[in-house]
Amino acid sequence: MPELAEVDFYRRQWDEGLREKITQVQLHAEKRIFRGTNPRLLEAVRGQRLQSSESAGKQMLFRFSGEFWLGIHLGMTGKLSVGPRDYTPQKHDHLVLFQTKRALVFNDARQFGRVLIHQGKELPEWWSSLGTSVTSDAFTQKFMAEFLERHGRLAIKPALLLQKGFPGIGNWMADEILWRAELAPRRPAGKLKPAELKRLWKEVRFVAREALKKIGKDFGDPPLHWLIHERWKRDGVCPKHKIPLRKETIGGRTTAWCPRCQPS
DNA sequence: ACCCCTGTTCGGCG
DNA sequence: CCGCCGAACAGGGG
């Protein structure tokens, strides 16, 4: 499920446990979710305090005392939650960090997500090598255009899903952005005119900011007139024209768009 | 039973 | 070596 704003929402769930010690660690060490890392390292998090958390795109980073870093990616079905101190871990709770007053729970049924553990003074490499946040000052129209140029033959829809260039943008946000920018999803990324690039850049930032505001805080609903409310309906219509949306697989992902707003 | 899925990664191909 | 595509991953829900 989670894209930019949902990821940030889930990250905040564990904030309740900031500054408090981990008293016990339960995990499913053999699960795919720990691929590429050593789950045994996590045992040593017992006795350490959760110090801070942040998110970047679809990635989250939790910092613990003792120079421990925990990275989490939620994949398609991952979520973070808080349970009571006597919480009983469920089938897909692959990592549960107990504190005196609560349990910090990571659940992921499909295990497309990932947990990474790192110990050391420096930020882990997998964190520092992430792309430039789409809401930052560094994400300029020029910066975006140069990225699209490097993937010039790729359709704009799958280009928006490249996390190196658009960290946090996922399937629904990409469709929302293209609909608002009035760009057909199959347009080659490298062939947008200056005015189109400007609209795209504006809407990338608008949709990201607005989603963070509405969803990131309390998982509220996206604004009423947004495409997201129509895109998964069987008979979804353009919020603006009320005509049926087109739906096709583009770059392996279901894509919905309005043929009138977004002409080829 | 069958088909869908807000995500990444890897192998094959050009 | 680079970039793109489809399949695979694993499970739940309609």
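This briefing walks through the domains, the DNA surroundings and a few individual residues of the structure above. The model is predicted, so to speak of local features a pLDDT of at least 70 is needed, side-chain atom pairs count only at pLDDT 80 or more, and totals for chains, interfaces and linings use all residues. Residues are numbered from 1 along each chain as its sequence is written, chains are lettered from A and ligands numbered from 1 in the order in which they are written, and side-chain values use heavy atoms, with hydrogens and water left out.

**Two domains**

- Chain A splits into domain 1 (4-128) and domain 2 (141-257), with bounds that come from an automatic or database domain assignment.
- Between the C-alpha centres of domain 1 and domain 2 there are 30 Å.
- In contact terms (heavy atoms within 4.5 Å), 9 residues of domain 1 meet 15 residues of domain 2.
- Together domain 1 and domain 2 bury about 1,000 Å², 70% of it on carbon and sulfur atoms; buried area here is the accessible area (1.4 Å probe) that two parts lose on being put together, summed over both.

**Around DNA strand C**

- Arg32, His92, Ala109, Arg110, Phe112, His151 and Leu154 surround DNA strand C, where near means that a heavy atom of the residue lies within 4 Å of the strand.
- By class, that surface holds 3 nonpolar, 2 polar and 2 charged residues; Ala, Val, Leu, Ile, Met, Phe, Trp, Tyr, Cys and Pro count as nonpolar, Asp, Glu, Lys and Arg as charged, and the others, Gly among them, as polar.
- An N or O atom in the side chain of His92 sits 3.0 Å from a phosphate oxygen of DNA strand C.

**Glu230**

- Glu230 belongs to helix α7 (residues 228-231); helices are DSSP runs (H or I, at least four residues), numbered from the N terminus.
- Glu230 counts as buried because its relative accessibility is 15%, and buried means under 20% (1.4 Å probe, protein chains only), with exposed over 50% and partly exposed in between.
- The Glu230 side chain comes to 3.0 Å from the backbone nitrogen of Val237.
- Beyond four places in sequence, the contacts of Glu230 include Gly236, Pro239 and Lys247.

**Positive phi values**

- Most residues other than glycine have a negative phi.
- Gln111 has a positive phi near 60 degrees, and Gln111 is buried because its relative accessible area is 12%.
- Phe219 also has a positive phi near 60 degrees, and its 32% relative accessibility is why Phe219 counts as partly exposed.

Methods. A polar contact is a pair of N or O atoms within 3.5 Å; within protein, one must be able to donate a hydrogen and the other to accept it, and residues adjacent in sequence count only if both atoms are side-chain atoms. Helices (H or I, at least four residues) and strands (E, at least two) are DSSP runs, numbered from the N terminus.
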